[in-house]
Amino acid sequence: MSLEIRTYKRRKLVNLLASAAALSCVVVALIPLASILVEVIVKGYGALSWGFISNPIIPGGGIGNAILGTLQLAFYASLIGLPVGILTGIYVSEFGDNGFGRTIRFFNDVFANFPSIVIGLLAYSLFITYFGFSILLGAIALAMIMIPVVANTTEEALRMVPNSLREASLALGVPRWKTVLKVMITNGKSGMVTGALLAIARITGETAPILVTARYSYYWALSPSDPTASLPVAIWFNALDQSATAQQQAWGAALVLIILVLSFNIVVRLLTRRNRFNNNNRMVKKSWLRKSKQSA
Amino acid sequence: MDMRLRWASFRPKSIRALGGDFAFHLLVGIVAFSAFILVWVLVAQMVYGAYPSMKALGFRFLTDTSWDAGKGLFTVIPLVVGTLTTSGIALLLGVPISVGIAIYLSELSPAWIREPLSFVIELLAAVPSVIYGLWGIYFLAPVLSHNVDPILVSLLGWTNLFQGTAGGFSKLTAGVILAIMIIPTVASISKEAMMAVPNSQREAALSLGATRYQTTRIGVLTYARSGIFGAAILGLGRAVGETMAVAMTIGNSPKISWNLLDPGTTMASMIANNWGEDIGDPFKLSVLLEIAVVLFVVALLINVFARLVIGKAMKPVQSGGAGL
């Protein structure tokens, strides 16, 4: 065998091994996901029953108040976080071409990945005096987690809208604010909805910021100023308990929580798939426009 | 970019239109401004909450090495060491796997599997951290302590990093869970960095007779390395702040030790674990808030650094892409 053939074979072998290594990385990452799903479904399935879902943690050993608490927290957090996040995103995208706009954008990026327990404690340190441990305090903490995420996705969605639409609207004499509301938002809507849903899915699974703000309760929360149980915190408090009821509560809550969060993510995925297609079409048009401008 | 041009041609024709624009600009501006200011007000408030502890403990909080709550000795050092240890394990295990995933998705996989596979990998990020913790307690910790730890002890016991037979609640277990948790972040940003590499890079390498592996190594990885570096830093930021999964599996002992099979604790897990009992005691509460202040500073530094690296890494790629 000549030298070329031998090095060729060696190179082919290395190539094959490297490809196999890359593929095995994917498999290695999928094993824990599969294992988590199997464990949660197998151990949580036995716990599920109507009584379990509808009774509060005590008496009855259910997780009803935790489910309701999670929904309430998500609702109130969205009530605060979505408008603020969307308006911030609009500011950064439409009016943010200045030092302040760029600063906000930078910190949106920074805080979008910030440790959630720190954000929870930030909310705690000021608002505890006004609200005490309560759903409201928890909702403020969760809203603070949502705002940078929603602002970023809103900004991205508005950036995707082709400039020609904006120009067309302005050329017709439509004022700027109406252009933003009627043209930009109408066209960027699907991206904004996706971002909002993803943000809600994310806060639904957050544990640490709720633990330090909304705390925990064995009973139904009667008003937004009460502390409440939530699915993640119910898992946390029951996970290390030796009693069978507590462990059942932990696994049952985990199953309900994972169904909630994953179904949210899958819905978002189905939505974005359609969007991406549209956006691609728009991008093609946009680049075509740019080219024709350049040549002209 | 072209933002100034966007509105350049606009001249208000009527006072009413001008009023609407002014009001709208004011509204979004005020919301963005107050959300931004509020964060820093809250930071100041948190520092104020930590003040009793700062005053009583002074610099000892940042220099002492032993934590003993009974004797009133509080220090952040063992927590920082624990945080760095678990995050280090997470990066060591997680980054190579993430880069492998990114290579597979951007260079090797058939087009039809890329989207669904990326989605499944990203689901790892959607699983709530407390469920990772639950899985860690009942699945990973027993598996590691029965099947993996003894092998590590017999093979690598001489390094002092793996000794004894702890019950599975250890820095190693927490680090492994963190590695799994940072994979989706690091993999998806690395993948983006690799997919932004212009095709001319690949074509040049292939035309010289390079194999796929060589093309990836020479043409793609070299080009995308700063993006991958930024992704790793972002992963570090996630690992440092991760709370529940770590608090449930690390065993919570504020002792510094080299042995990765010993229990330890991190800044975030110390806060979560003591939030229940300690908030009745104002001093202990302010100690927890001081830990949070330190964690805030660390996380801010890491995230700002990561953003600067990624921003820099992606910029030349974008302008290069426009030229194609």
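Biologist: What makes Leu301(B) count as exposed in this predicted model?

Modeller: Leu301(B) has 11 C-beta neighbours inside 10 Å, and a residue is called exposed at 12 or fewer, so Leu301(B) counts as exposed. Its place is in helix H12 of chain B, residues 282-323, and its C-alpha atom is separated by 9.1 Å from that of Gly237(B), 64 residues apart from it along the chain.

Biologist: Why is Pro254(B) called buried?

Modeller: The count for Pro254(B) is 22 C-beta neighbours inside 10 Å, and the term applies at 20 or more, so Pro254(B) counts as buried. Pro254(B) is found in the loop between helix H10 (244-249) and helix H11 (267-278) of chain B. Leaving aside neighbours within four places in sequence, Pro254(B) is in contact with Trp67(B), Pro78(B), Leu79(B), Thr265(B) and Met270(B). Ala102(B), by contrast, lies 152 residues from Pro254(B) in sequence and 37 Å from it in space, C-alpha to C-alpha.

Biologist: How do you know that the length of helix H6 of chain A, residues 135-160, agrees with its number of residues?

Modeller: At 1.5 Å a residue the 26 residues of H6(A) should span 38 Å, and the end C-alpha atoms are 36 Å apart, which agrees.

Biologist: What makes H6(A) largely enclosed by the rest of the structure?

Modeller: Of the 26 residues of H6(A), 23 are buried, so the helix is largely enclosed by the rest of the structure. For chain A, 48% of the 296 residues count as buried.

Biologist: How do you know that helix H9 of chain B, residues 212-241, falls short of a straight helix?

Modeller: H9(B) has 30 residues, and a straight helix would reach 44 Å at 1.5 Å a residue, but its end C-alpha atoms are only 37 Å apart. A bend of about 55° is found in H9(B) at Arg225(B). H9(B) is mostly covered, with 21 of its 30 residues buried.

Biologist: What is the secondary structure of chain A, and why is chain A called more spread out than a compact globule?

Modeller: Chain A comes to 11 helices and zero strands. The radius of gyration of chain A is 25 Å, well over the 19 Å that the globule rule gives for 296 residues, so chain A is more spread out than a compact globule. The C-alpha trace of chain A spans about 75 × 75 × 35 Å along its principal axes. Among contacts in chain A between residues at least 6 apart in sequence, 75% join residues at least 24 apart.

Biologist: How many residues bring chain B into contact with chain A, and which helix gives the most to the side of chain B that touches chain A?

Modeller: On chain B 73 residues are in contact with 70 residues of chain A. Helix H2 of chain B, residues 15-57, gives the most to that side of chain B, with 18 residues. By class, the side of chain B that touches chain A has 52 nonpolar, 14 polar and seven charged residues.

Biologist: Into which domains is chain B divided, and how many of their residues are in contact?

Modeller: The division is into domain 1 (13-57) and domain 2 (76-323), and the C-alpha centres of these domains of chain B lie 33 Å apart. Nine residues of domain 1 of chain B are in contact with nine residues of domain 2 of chain B. The side of domain 1 of chain B that touches domain 2 of chain B has seven nonpolar, two polar and no charged residues.

Technical notes:
Residues are numbered from 1 along each chain as its sequence is written. Chains are lettered from A and ligands numbered from 1 in the order in which they are written. This is a predicted model: local features need pLDDT of at least 70, side-chain atom pairs count only at pLDDT 80 or more; totals for chains, interfaces and linings use all residues. Helices (H or I, at least four residues) and strands (E, at least two) are DSSP runs, numbered from the N terminus. The expected span of a helix is 1.5 Å times one less than its number of residues. The radius of gyration is taken over C-alpha atoms; the globule rule is 2.2 Å times the number of residues to the power 0.38. Two residues are in contact if their C-beta atoms, placed from the backbone, lie within 7 Å. Ala, Val, Leu, Ile, Met, Phe, Trp, Tyr, Cys and Pro count as nonpolar, Asp, Glu, Lys and Arg as charged, and the others, Gly among them, as polar. The bend at a residue is the angle between axes fitted to the seven residues ending there and the seven starting there. Domain bounds come from an automatic or database domain assignment.
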